[in-house]
Each structure stands twice: as C-alpha cells, then as structure tokens.
Amino acid sequence: MIRAEGIENVWRRHERLAMAVRSGIRALGLKLFSDSPSYAVTPVWLPQGVDWKQFNSTLKKSYGITVAGGQDAFAGKIFRVSHLATTTSSTWWP
C-alpha cells in the first residue's frame with residue numbers, strides 16, 4: 001500500500017490527519033499533551049474529573065472511535081490518537 005501511495009504521500013497524509021485532529025482537539029477546548037508531538041500520534045490530556053474507562057467506552061460504543069490510554073504515570077491522565085492506519089481490516093483510507 002505504501003508503494004502504491006508513495007512514501008512522501010504517506011508522510012503528508014499523516015501530517016494532514018495529525019493537524020486536523022489537533023485542530024479539533026483544540027476546538028473542543030482540550031489540551032494537547034505535547035507542544036511538539038509527532039505526526040504519528042496525538043496525545044491529549046483527559047479533562048480533570050473525566051473517568052478514563054467511561055470516556056474510552058463511550059468513544060468506542062457510541063462513536064466507533066478507538067484511542068489508546070496513557071501508560072505508566074500517565075495512565076488515566078491522557079489518551080492517544082493514532083494517525084497511521086485504520087483499526088479494522090475491512091477498510092483502508094489512503
């Protein structure tokens with residue numbers, strides 16, 4: 001798939017997706033975890049008082065959105081949005 005799309009186009013797509021997600025995150029009033037995140041993933045602070053397990057469950061069940069939680073000291077404090085691929089084998093969006 002990378003050969004078909006071209007590696008430079010893949011990089012540009014990841015950049016576009018990352019910038020779009022970050023724009024939406026800011027528009028929702030949420031805070032980005034890093035001032036200089038990569039184009040592969042966007043980590044976001046979970047708003048204070050929001051339960052990670054409930055938040056994740058709602059995203060998944062109500063909206064079909066899959067995100068990853070924080071790890072180690074950031075478990076329950078941040079969530080991560082990947083920009084690299086879809087999470088199902090039935091679709092692929094170039």
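Mentor: Start with tryptophan 52 and phenylalanine 55, both of which lie in helix H3, three residues apart, about one turn of the helix. The model is predicted.

Trainee: Why do residues three or four places apart point the same way in an α-helix?

Mentor: An α-helix has 3.6 residues a turn, so residues at that spacing point the same way. In this structure, the rings of tryptophan 52 and phenylalanine 55 form an aromatic pair. Their centres are 6.3 Å apart with 45° between the planes, and the pair is tilted.

Trainee: Is tryptophan 52 buried or exposed?

Mentor: The cut-off for buried is under 20% relative accessible area. Tryptophan 52 has 18%, so it counts as buried.

Trainee: Which other residues of H3 are buried?

Mentor: Besides Trp52, Asn56 and Leu59 are buried in H3. These residues cover an arc of only 60° around the axis, which puts them on the same side of H3. The face turned away from that side carries the exposed residues Lys53, Gln54 and Lys61. Strands E2 (68–69) and E3 are among the elements that cover the buried residues.

Trainee: What is found at the two ends of H3?

Mentor: At its start, a side-chain oxygen of aspartate 51 comes to within 3.3 Å of the backbone nitrogen of lysine 53. Just after H3, glycine 64 has a positive phi of about 70°. Between these ends, H3 runs over residues 52–63 and reaches 16 Å from first C-alpha to last, close to the 16 Å expected at 1.5 Å a residue.

Trainee: How many residues has H2, and how far does it reach?

Mentor: H2 takes in residues 7–27, has 21 residues and reaches 30 Å between its first and last C-alpha, close to the 30 Å expected. Its buried residues are Val10, Arg13, His14, Ala18, Arg22 and Ile25. They cover an arc of only 160° around the axis, which puts them on the same side of H2. They pack against helix H1 (2–5), strand E1 (41–45) and strand E3 (78–82). On the face turned away from the buried side, the exposed residues are Arg16, Arg26 and Ala27. Just after H2, glycine 29 takes a positive phi of about 80°.

Trainee: Which residues make up the largest nonpolar core?

Mentor: The largest nonpolar core has nine residues: Ile25, Leu32, Val44, Leu46, Trp52, Leu59, Val67, Phe79 and Val81. H3 and E3 each supply at least two residues of this core. For a local view, take valine 67, which touches Trp52, Asn56, Leu59, Phe79, Arg80 and Val81, leaving aside residues up to four places away in sequence.

Trainee: How many aromatic pairs does the structure hold?

Mentor: The structure holds five aromatic pairs. In one of them, the rings of tryptophan 45 and phenylalanine 74 have centres 6.1 Å apart and planes at 70°, so the pair is edge-to-face. This pair links distant parts of the chain, with tryptophan 45 in strand E1 and phenylalanine 74 in the loop between E2 and E3, 29 residues apart.

Trainee: What are the relative accessibilities of tryptophan 45 and phenylalanine 74?

Mentor: Tryptophan 45 is partly exposed at 29%, and phenylalanine 74 is partly exposed at 34%. Ring pairs also bring in Phe33, which is linked with Trp45 and Phe74 into a cluster.

Technical notes: Residues numbered from 1 in each chain as written. Heavy atoms only, no water. Helix = DSSP H or I, 4+ residues; strand = E, 2+ residues; numbered from the N terminus. Expected span 1.5 Å × (residues − 1). Buried < 20%, exposed > 50% of the residue type's maximum accessible area, 1.4 Å probe, protein only. Arc of directions from axis to C-beta. Contact = heavy atoms within 4.5 Å. Polar contact = N/O pair within 3.5 Å; in protein donor to acceptor, adjacent residues only side chain to side chain. Core = buried A, V, L, I, M, F, W, Y, C linked by side-chain atoms within 4.5 Å. Phe/Tyr/Trp six-rings, centres within 6.5 Å; stacked < 30°, edge-to-face > 60°.
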